[in-house]
Amino acid sequence: MRRLVVISAGLSVPSSTRLLADRLSAAAVEAIHGPVEVDVIELRPLAHLLADNLLTGFATGELAEAIETVRRADALIVVTPVFAASYSGLFKTFFDVIEPDLLTGVPVLIAATAGTARHSLVLEHALRPLFSYLHATVVPTAVFAASEDFGEAGLDSRIERAAGELAILLSGAPRQRARTLEEEFADPTPFEDLLRGA
Amino acid sequence: MQFGIFSVGDVTTDPTTGRTPTEHERIKAQVEIAKKAEEIGLDVFATGEHHNPPFIASNPTATLAYIGAQTEKIILSTATTLITTTDPVLIAEDYAKIQHLTDGRVDLMMGRGNTGPVYPWFGKDIRDGINLAVENYALLRRLWDEDVVNWEGKYRTPLQGYTATPRPLDGVAPFVWHGSIRSPEIAEQAAYYGDGFFHNHIFWPAGHTKQMVDLYRRRFEHYGHGTADQAIVGLGGQFFMRKNSQDAVNEFRPYFDNAPVYGHGPSLEDFTEATPLTVGSTQQVLERTLGFRDYVGDYQRQLFLIDHAGLPLKTVLEQLDLLGEILPDLRAGMAEGRPAHVPDAPTHASLVAKAGGAHDATLHAVDDVTGVSV
């Protein structure tokens, strides 16, 4: 069973960001061979908890659950609306509060929505560097949908191509994870090793 | 079981009056608070160490010695001593000196500090934080436990034929606790040496505390210092209480809402649920505190943070009076069901007894020329 986690930072209901997220997720489920479990994380209901986490340094409630869901993910689809020429602050805040090594080696499909096609490079100048920094494996095809794209041919094929690339990344060797804090608690580095390292 | 208070020594504006105390007032207030702590029967007063505004917590040794001179019984401790950026040679000397001056009423809690620039200010690199804590503490132990030390490490000038003076009182070094919120290496370090482990506990969900304490207990047993439930555990705690629960909430809320650490974030209600902060009646504080054992087991030291966030001295002293009122119940509650094999926190007296009695550790030098001991 593969675990696919979809993160949508859309704010309105209905949201074109969520709409794009759902289409990407459906295409990915089709492209991936074998059973897939899909979890969708909407960031809007987590907005207050995210602000609290920035101030207190720890996640609570539904935000803590969302982070655990991401921890278990085999692949991510992340979709943000474009705000002021970049990802939205809400979208970035979520990735600010997760542990920096949580996405190491995880295949990530990046996507964005905006009112105009002029923002399309946001995917390349903002999202791709963010997920490269987090050591995720970013799918080559990023999917951008301006409002007008929802009424034109072409979006379908980009969605399919990106989903196919995500499926290929998922079929490769299992991801190399950094040693997590949880693993360190379960099996601590012996103190003699720490002494030698000092 | 020891009860006490720990202070970070913050100089914070009182949000209800807009008044900010001077450094002088705050320094003197800390002394008043420590004296009051002894008066109400607490066992421990601990002060933090910071090297930047808005804190008055630099030079904790002067503060502790000064308080030591005006008190009789209370144990003086740090919370925490920056083992990363403070020269272990100075720590060895300073705290052995306070040990002598206070007749053994001192112990220490090691920490790595939480202000990034402190590392470069003291010529260190924050990326070496854990390694500094490991190497510096290993040296500190040798300086206390061995009369003459030859040593070479990565972070400090080598030592040849060095004797830290004064030698520890009665030949027994001060007891050491190690504090950390989320670094397994520090729980491991405390367990390796059979030292105490202290979890700050406040500001964080109980799950963090439990995870660290569990690891420390497990590794304490692994290193052969006793069974896991005999490990020496300390916890922080935070409360604001009045006779009437709603009075406590109303009075504390503006301090909570504007507090430097968590202010402008979660509501008082959410934060008291997520962390050990208790705002309410004396009975509520008593019950919540007794509940800490449910997730860390029977433990040895409970310290409360009470002078912070701009609370005026008068209020802090009132909080101490209320703590004094519930102290007998706290002691009785913690003693209830506590197995006989769970030890108390080590004190100078217990460490001396364990070492087979006091012996003067003075190292008399020999005159190079005459060969006579001087």
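1. Start at Phe45(B). Beyond its neighbours within four places in sequence, Phe45(B) is in contact with Gly4(B), Ile5(B), Ala34(B), Ala37(B), Ile67(B), Ile74(B) and Leu76(B). Contact requires C-beta atoms, placed from the backbone, within 7 Å.

2. A word on the basis. This is a predicted model, where local features need pLDDT of at least 70, side-chain atom pairs count only at pLDDT 80 or more, and totals for chains, interfaces and linings use all residues. Residues are numbered from 1 along each chain as its sequence is written, while chains are lettered from A and ligands numbered from 1 in the order in which they are written.

3. Next, the cores. The largest nonpolar core has 96 residues, and Phe45(B), Phe197(B) and Tyr216(B) touch the most other members. Such a core is a set of buried Ala, Val, Leu, Ile, Met, Phe, Trp, Tyr and Cys residues joined through C-beta atoms within 7 Å. Buried means 20 or more other C-beta atoms within 10 Å of the residue's own; exposed means 12 or fewer, and partly exposed lies in between. A separate second core holds 56 residues, among them Ile7(A), Ala28(A), Leu63(A) and Val143(A).

4. Now chain A as a whole. Its C-alpha atoms fill a box of roughly 65 × 40 × 30 Å along the principal axes. Of its 198 residues, 37% are buried. Among contacts in chain A with a separation of 6 or more, 76% join residues 24 or more positions apart.

5. Last, the meeting of the chains. Here 15 residues of chain A are in contact with 21 residues of chain B.

Technical notes:
Contact = placed C-beta atoms within 7 Å.
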